[in-house]
Amino acid sequence: MSEELFYTFRFSLVGDKGVGKTTLANKFCGIKEAVSSTISTQFLSKSLWLSGINNHVCVKYLLSDNPNFIDQRNNTAISIKDNAVFFFIFDLSKRASFDQLEDQLETIRTNNNNTSQIHILLANQTDPGRMEVSIDDAKEFATSQ
Ligand SMILES: Nc1nc2c(ncn2[C@@H]2O[C@H](COP(=O)(O)OP(=O)(O)O)[C@@H](O)[C@H]2O)c(=O)[nH]1
Ligand SMILES: [Mg+2]
């Protein structure tokens, strides 16, 4: 008899205003509406059924798309408190969006209860072709944490 298994993965998208968090979240969840400014945390989900020989697995992704929470810590407290996986997103063509990630990382470290957090650094907006952050800088930041 086949078995049904359910997994939920929760992710938080973190980064400066305008780096493309909402665009990425909408694309991942198949939402086609035009992006508008995120004034409070939005929660999105997507479920996938994967069929094996003896089981069916339902993987549910829960994404929290945060505003720039350096300014709005209270609004985003719930989404950063227990999540384990954080995508730190910056705009490759805007140095300031990269420089502020250290502060955001610190905010998460001090406000999150999970002892085994996973942090993923994601360079977005690669298409304008203007790079204000080098691959070496990004690698150095990622490995120094
Ligand atoms: N050129 C370019 N524009 C993008 C990209 N991702 C998002 N945008 C645009 O950047 C603006 C801000 O995106 P948004 O997703 O609202 O950023 P957020 O504030 O981080 O949620 C919008 O006008 C998007 O259409 C990208 O990869 N390349
Ligand atoms: Mg947004």
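Q: Which residues of the largest nonpolar core touch the most other members?

A: A nonpolar core is a set of buried Ala, Val, Leu, Ile, Met, Phe, Trp, Tyr and Cys residues joined through C-beta atoms within 7 Å. Buried means that 20 or more other C-beta atoms, placed from the backbone, lie within 10 Å of a residue's own. Here the largest such core has 15 residues, and Leu13, Val14, Phe88, Ile89 and Phe90 touch the most other members. Two or more residues each come from β1 (3-15), β4 (85-91) and α4 (101-111), with β4 giving the largest share, four. Helices (H or I, at least four residues) and strands (E, at least two) are DSSP runs, numbered from the N terminus.

This is a predicted model: local features need pLDDT of at least 70, side-chain atom pairs count only at pLDDT 80 or more, and totals for chains, interfaces and linings use all residues. Residues are numbered from 1 along each chain as its sequence is written, while chains are lettered from A and ligands numbered from 1 in the order in which they are written.

Q: What does Phe88 touch?

A: Contact means C-beta atoms, placed from the backbone, within 7 Å. Leaving aside residues up to four places away in sequence, Phe88 touches Val14, Gly15, Leu101, Gln104, Leu105, His119, Ile120, Leu121 and Leu122.

Q: How many residues surround ligand 1?

A: A residue counts if its C-beta atom, placed from the backbone, lies within 6 Å of the molecule. Ligand 1 has 14 around it, the closest being Gly20, Lys21, Thr22, Thr23 and Val35. Helix α1 (residues 21-28) supplies the largest share of this shell, three residues.

Technical notes. Buried ≥ 20, exposed ≤ 12 C-beta atoms within 10 Å, placed from the backbone. Contact = placed C-beta atoms within 7 Å.
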